Amino acid sequence: MLGPTLKGDRVTLRPIREEEAEIFVSFLCDPVVTRFMGSVMPITLEQELEWLKKESTNPNTVLWGIEFDERLVGNIGMGINWDRGTGELGAMLGDRSVWGLKLMKEAGQLARDYLFTHLPLRKIKGGYIDGNGASQRAQERAGFHETGRLRAEYFRDGAWRDHVFTELWREDWEKQRAELVNESACSSQIPGLGCER
């Protein structure tokens with residue numbers, strides 16, 4: 001299913017429109033963009049339209065487009081295993097002109113907060129191909145921790161690279177949110193809160 005519109009400070013997560021499929025085809029046909037993705041094969045517009053139609057009606061997924069500066073720059077979504085209470089998060093920032101702006105940090109936090117707030121999930125799983133520093137940093141900033149590796153799983157940039165698995169437990173997310181609330185209250189210097197100084 002397509003997720004609801006979520007507005008952050010710099011990015012907006014919103015439903016992807018059918019006419020935007022062509023934008024994703026251009027992203028997925030760029031070998032620099034797909035370099036650290038599981039599949040590096042270019043796709044056709046028909047394939048992308050079929051995928052978008054399938055995912056937008058699938059009750060086991062939540063999918064958003066990532067909008068920045070009034071243009072679509074990527075997507076983020078999650079496949080859900082309702083029986084296990086888990087979800088697997090995936091994301092792509094396909095517009096290379098916005099790389100390095102740390103947009104995925106905010107997009108990941110918006111998606112993560114929505115998913116834990118609105119769905120009965122115990123944990124969210126993620127992952128990246130070793131060497132993808134941007135994905136690693138974005139996941140770490142969102143609170144994900146490495147849980148394991150498949151050694152030498154993908155051949156990228158002339159070398160076999162590990163597939164790194166990550167996850168974020170609901171309890172850890174709740175603890176992070178409580179710490180942010182405490183930091184905010186202490187920084188506002190409200191008398192009588194008992195903040196450590």
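**Group meeting: a walk along the sheet**

Okay, let's start with the sheet. Eight strands make up an open sheet, and the order across it is β1-β2-β3-β4-β5-β6-β8-β7, with mixed pairing. At the edges sit β1, residues 6-7, and β7, residues 145-156, and each of those pairs on one side only. Before I go on, keep in mind that this is a predicted model.

Let's begin at the β7 end. β7 and β8 run antiparallel, joined by eight bridges. If you want a pair to click on, F155 stands opposite W160 in β8. The two strands form a hairpin with two residues between them, and in that hairpin D157 takes a positive phi near 55°.

Now, β8 on its other side. Strand β8, residues 159-169, also pairs with β6, residues 123-129, in the antiparallel sense, over seven bridges. Two pairs to look at here: K125 has E167 as its bridge partner in β8, and G127 stands opposite F165 in β8. There's a helix on this part too: α5, residues 133-141, packs on the sheet and touches β6 and β8. The direction of α5 makes about 160° with that of β6.

Staying in this region, here's one to think about: is H163 buried or exposed? H163 belongs to strand β8, and it counts as buried because its relative accessibility is 18%, where the cut-off for buried is under 20%. Setting aside neighbours within four places in sequence, H163 is in contact with G127, Y128, G148, R149, L150, E153 and Y154.

One of those contacts is L150, so let's hop over, since at 37% relative accessibility L150 counts as partly exposed. L150 is found in strand β7. With neighbours within four places left out again, L150 is in contact with D162, H163 and F165. And if you like a distance to check on screen, the C-alpha atoms of L150 and G131 are separated by 14 Å, with the two residues 19 apart along the chain.

The largest one has 30 residues, and the members that touch the most others are L13, W64, I66, M78, L115, L121 and I124. Where do at least two residues of this core come from in each case? That's β2 (11-14), β3 (61-68), β4 (71-81), β5 (86-93) and α4 (103-118). Helix α4 gives the most, with eight residues. As background, nonpolar side chains tend to be buried together in soluble globular proteins. Apart from this core lies another one, of nine residues, including I16, F27, V33 and L63.

Leaving out neighbours within four places in sequence, M78 is in contact with N60, T61, V62, G87, E88, L89, L115, L119, L121 and I124.

What is the volume of the second largest pocket? About 330 Å³. It is lined by 16 residues, and the closest to its centre are K105, E106, Q109, R112 and L180. Two elements give two or more residues to that lining, namely α4 and α6, the latter spanning 170-187. Which element gives the most to the lining? α4 again, with six residues.

Definitions and conventions:
Residues are numbered from 1 along each chain as its sequence is written. This is a predicted model: local features need pLDDT of at least 70, side-chain atom pairs count only at pLDDT 80 or more; totals for chains, interfaces and linings use all residues. Side-chain values use heavy atoms; hydrogens and water are left out. A nonpolar core is a set of buried Ala, Val, Leu, Ile, Met, Phe, Trp, Tyr and Cys residues joined through side-chain atoms within 4.5 Å. Buried means under 20% relative accessible area, exposed over 50%, partly exposed in between (1.4 Å probe, protein chains only). Helices (H or I, at least four residues) and strands (E, at least two) are DSSP runs, numbered from the N terminus. Contact means heavy atoms within 4.5 Å. Two strands pair if DSSP finds at least two bridges between them. Axes are lines fitted to C-alpha atoms, for helices over the stretch in contact, and angles run from 0 to 180 degrees between N-to-C directions. On a 1 Å grid over the protein atoms alone, a cavity is a set of points where a 1.4 Å probe fits but cannot get out, and a pocket is an open set with protein on both sides within 12 Å along at least five of seven lines; lining residues have an atom within 4 Å of a point. Grid points are joined across faces, edges and corners, and a volume is the space filled by probe spheres set on the points.
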